[in-house]
Amino acid sequence: MCAVHGDYVELVGRHCKWCGAAFGICRSCYRGHAYCKDECRAEARREQCVRANRGYLDGLLEKERRRDAAMRALAYRQRRRKRFGQSLNGRFVVVIVERRYS
Ligand SMILES: [Zn+2]
Ligand SMILES: [Zn+2]
């Protein structure tokens with residue numbers, strides 16, 4: 001029996017992507033149906049939305065974390081550079097020059 005208009009006709013057999021139930025749909029109604037009934041489609045779509053949202057939020061958090069780490073690393077490098085500049089002043093420059101021509 002066609003899940004859309006309820007007649008006994010030549011059917012396309014499908015399994016619901018949501019609940020897994022087998023259902024039939026006639027060729028004239030079939031438009032790539034993947035769900036046995038509207039509730040299944042609605043549930044699946046809601047799940048998809050939730051998942052998409054979650055992915056989006058995760059992405060934001062991940063970006064934030066990465067920026068945080070980058071900022072910390074930058075601050076660390078800057079602190080270290082400052083310390084180098086203060087304590088090793090001239091010697092540091094000499095080391096670089098020696099390395100470049102070796
Ligand atoms: Zn279903
Ligand atoms: Zn039909």
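Q: What kind of model is it, and how are things numbered?
A: It's a predicted model, where local features need pLDDT of at least 70, side-chain atom pairs count only at pLDDT 80 or more, and totals for chains, interfaces and linings use all residues. Residues are numbered from 1 along each chain as its sequence is written, while chains are lettered from A and ligands numbered from 1 in the order in which they are written.

Q: Okay, how many helices and strands does the protein have?
A: There are 2 helices and 2 strands, and going from the N terminus the order is β-β-α-α. Helices here are DSSP runs of H or I with at least four residues, and strands are runs of E with at least two, numbered from the N terminus.

Q: How do E1 and E2 pair?
A: Strand E1 (residues 11-15) pairs with strand E2 (residues 22-26) in the antiparallel sense, over 5 bridges. Pairing means that DSSP finds at least two bridges between the strands.

Q: Which residue in E2 is the bridge partner of glycine 13?
A: That's glycine 24. Valine 12, for its part, stands opposite isoleucine 25 in E2.

Q: And what's in the hairpin between those strands?
A: There are 6 residues between the strands, and glycine 20 in this hairpin takes a positive phi near 80 degrees.

Q: Which residues are on the covered face of E2?
A: Phe23 and Ile25 are on the covered face, while Ala22, Gly24 and Cys26 are on the uncovered one. In a regular strand, side chains alternate between the two faces of the sheet.

Q: How much of the protein is buried?
A: Of its 102 residues, 5% count as buried. Buried means 20 or more other C-beta atoms lie within 10 Å of the residue's own, exposed means 12 or fewer, and partly exposed is in between, with C-beta atoms placed from the backbone.

Q: Which residues make up the largest nonpolar core?
A: Ala3, Phe23, Ile25, Tyr35 and Cys36, 5 residues in all. Such a core is a set of buried Ala, Val, Leu, Ile, Met, Phe, Trp, Tyr and Cys residues joined through C-beta atoms within 7 Å.

Q: Switching topic: is glutamate 10 buried or exposed?
A: Glutamate 10 is exposed, because 9 other C-beta atoms are within 10 Å. Glutamate 10 lies in the segment before E1, and its C-alpha is 7.0 Å from that of arginine 27, 17 residues away in sequence.

Q: What about glutamate 39, where is that one?
A: Glutamate 39 is in helix H1 (residues 38-87). Glutamate 39 counts as exposed because it has 11 C-beta neighbours inside 10 Å.
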